[in-house]
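Biologist: Could you walk me through this model before I set anything up with it? I'd like to start with how it was made and then look at a few places in turn.

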Amino acid sequence: MLLRKWWSSLRHGLFRVSWARTGYRAVHRRYDVIVVGGGHAGTEAAAASARVGAETLLVTQKIDTIGALSCNPSLGGVGKGQLVREVDALDGLCGRAGDRAGIHFSVLNRSKGPAVWGPRAQLDRQRYRHFIQGELQATPRLEVLEGSVEELLVEEEVDPGRPGRHRVTGIRLGHGPPLEASSVVLTTGTFLSGSLFLGQTTSPGGRIGDPPSSAGLSRTLKETLGLEVGRLRTGTPPRILKDSVDLTLATLHPPDQHPTPFSFLNTHTHCKPDEQLPCYLVHTTPGVDRVVMESLHDNSHIQQDTKGPRYCPSIESRVLRFPGRRHQVWLEPEGMTSNLLYPQGLSMTMPPDMQLRLLRQIPALHRVEISTPGYGVQYDYVCPTQLSPSLQVKTTQGLFLAGQINGTTGYEEAAAQGLWAGVNAARSALAAPLLAMSRTESYIGVLIDDLVTRGVTEPYRMFTSRAEFRTLLRPDNADLRLTLKGFEEVGCVSAQRYSEAVRVREGLQEAFVTLGSLSQSASDWRKTLETSSISQSKGGTLTAMELLQYNDITYDTLAAAFPQSLAPFLEFSQRLKIEAVYRPHCELQKKEIQRIQREEGMSLSPDLDYLSLPVSLSHEVREILDRVRPTTLGAATRLPGMTPAAIVHLLNFVHQMNHNQNKINQNQNSRTHRKPSGPGPREGGQRAGAVS
């Protein structure tokens, strides 16, 4: 019955909703910053702008959906969890919201090093949305307005001290008067010229039940501002009724016994450990492949040329790309009291009757019922190479973009961009210099640098492998990397969070000094720690800091042996262990970063044959270097498409080449100036022929 209801509403185009009410507070006519869109990017942008000190307005089509989890009910993961930690370190919202709404916490990649651990949580959709809305309501200098942006207001009278051909002046809602602003942040998500696809049916929209953004907004970006705009696609799975699933045929995956919070301000999650809900794992069958192939003729979304996500593709794309393969499907709870499950891995856009038929090919789902069918979305995005590292459009003063409009996918990528765009929009409005985040100091910097220098050909997703300095950019130290800077330089961090970060920094430093001062011979350590794996052949002295690098020695073990010295720092035990393990690697990486910065002016020979250099460079990078032929290493680092890893390899190669050439020159000079072994030439006579 529910399935037929959704199918009927889609076929008749009943995706319209009405909105006419204003937001939480009275609306003025002039603001420092206006943020368009109430998703993850928009909420973080609006809150960050207000924290920096700008009078901010958030405009959204529906106030009730602010902070909604439009697709999957989860947050974090490998690479993504690092972004959540960094957003939290800069006083963002999503980390604390995840701790409040989480119902299943786990740290992915536990079998690998802490640098690539991925904090993750399944979320209660309702709790998450309510937390975000409550935070925005309590944020000073922030107002919220419900409405549809019909037009972006720009003019050609620009600030001569800044780059750009246009200047944003505000927005217009419907046919009403304009709302003026010094900066505007667009976070339109999938709503920019969005279209929904289900079977052969297409309807305008950015999310089921919500209309797309105004056509006037797309027109302004393309025609008035002349921006290059592309088109991407994504999709979402059907929501299924938990009571209709035979979970005895699925593999149970429990959460971590001790939930790890996202936020540095929280020591515990809202959900108690024993109250967490499990997830379940099932797999596709040959029957799933068969249904996909039989429905292709009736699936317009999958027939489009528009680029879809590589890293979370639809089940149709998976079957077409990897026929005969068995694919994982995670059954994830949608809330503590919800009867819905989210089948992660089964995004699909075939007709609803075929969706039901496909689902029932999986044994655990042989009697499943669908609450809401899956569907596809296609939407416009702005090619992000047209942005500066501040996320401001290069040709338009005061216009900032964040989230899926920049070609990314995922809540975490959107939140990270939103926070940084909101910071810079506020700084621009308050006549403060714009800031860029280095990829050597954060995953946020990696994300933005990848977008603005390389662009996208498909929705961008963060992975730890994208960060060449990931042993430095760990989830455990995001507060030390960013919170202090966020307060002292950026201005987006509260005094309360800053004082806590300072306390942690000083406590860790004191602990490091104490660990370094506890020194004994290896034999004495073996006596002190009888169960340790210190080799019998190990001699010399070891500090407690060095001892922490051993896998079987924890800080708690050392604190039990030296309670008076080490017990005061037990709250930092895990962080101290991780720091001890990674400190030698981090020191090497810091030196490498400093070396690249020092060597920016190093000359690159115009005769270098980049296509055949005996160095680890991708074919794409070789072609870029061969085509542009930069004269210095610094010029090479700024080429679109160049990766920092490629720069490191190029730097090492040129250094080695210069070193070899210097040795050759030294040998030649040595032979040239070597004294003859026999008698020297007579005074006034001719010298014997020099050795060449």
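Biologist: Fine, so what are the ground rules?

Modeller: This is a predicted model, in which local features need pLDDT of at least 70 and side-chain atom pairs count only at pLDDT 80 or more, while totals for chains, interfaces and linings use all residues. Residues are numbered from 1 along each chain as its sequence is written, and side-chain values use heavy atoms, with hydrogens and water left out.

Biologist: What is the strand order in the open sheet of three strands?

Modeller: The order is β3-β5-β4, with antiparallel pairing, where two strands pair if DSSP finds at least two bridges between them, and where helices (H or I, at least four residues) and strands (E, at least two) are DSSP runs numbered from the N terminus. Because β3 (74-76) and β4 (102-108) stand at the edges with a single partner strand each, one side of each is left without a neighbour in the sheet. From one strand to the next the twist averages 20 degrees.

Biologist: How many bridges join β4 to β5?

Modeller: Six bridges join β4 to β5 (residues 118-123), and the two run antiparallel; His-104 stands opposite Gln-122 in β5.

Biologist: And which helix lies across β3, β4 and β5?

Modeller: That is α4 (residues 94-101), which runs at about 115 degrees to β4; axes here are lines fitted to C-alpha atoms, for helices over the stretch in contact, and angles run from 0 to 180 degrees between N-to-C directions. The axis of α4 also comes within 7 Å of that of α3 (residues 80-89), and the two cross at roughly 115 degrees. That makes α3 roughly perpendicular to α4, a label used for angles of 65 to 115 degrees, with those under 35 counted as roughly parallel, those over 145 as roughly antiparallel and the rest as oblique. Val-84, Val-87 and Asp-88 of α3 meet Cys-94, Gly-95 and Arg-96 of α4, contact being heavy atoms within 4.5 Å.

Biologist: Switching topic, which residues touch the most other members of the largest nonpolar core?

Modeller: Of its 114 residues, those are Ile-34, Leu-152, Ile-171, Val-184, Leu-186, Leu-221 and Leu-399. A nonpolar core is a set of buried Ala, Val, Leu, Ile, Met, Phe, Trp, Tyr and Cys residues joined through side-chain atoms within 4.5 Å, and buried means under 20% relative accessible area, with exposed over 50% and partly exposed in between (1.4 Å probe, protein chains only). Helix α11 (residues 411-429) gives the most to this core, with 11 residues. A second, separate core of 28 residues includes Tyr-280, Val-319, Leu-359 and Ile-370.

Biologist: Leu-359 sits in which helix, and how many of that helix's residues are buried?

Modeller: Leu-359 is one of the buried residues of α10, a helix spanning residues 352-359 that is mostly covered, with six of its eight residues buried.

Biologist: Where is Val-245 found?

Modeller: Val-245 is found in the loop between β13 (239-241) and β14 (251-253), and it is buried, with a relative accessible area of 10%. Not counting residues up to four places away in sequence, Val-245 touches Ile-240, Leu-331, Leu-341, Ala-364, Leu-365 and Val-368.

Biologist: Last one, is Thr-201 buried or exposed?

Modeller: Thr-201 counts as buried at 16% relative accessibility, and its place is in strand β11 (residues 201-204). Thr-201 and His-301 are 100 residues apart in sequence and 9.3 Å apart in space, C-alpha to C-alpha.
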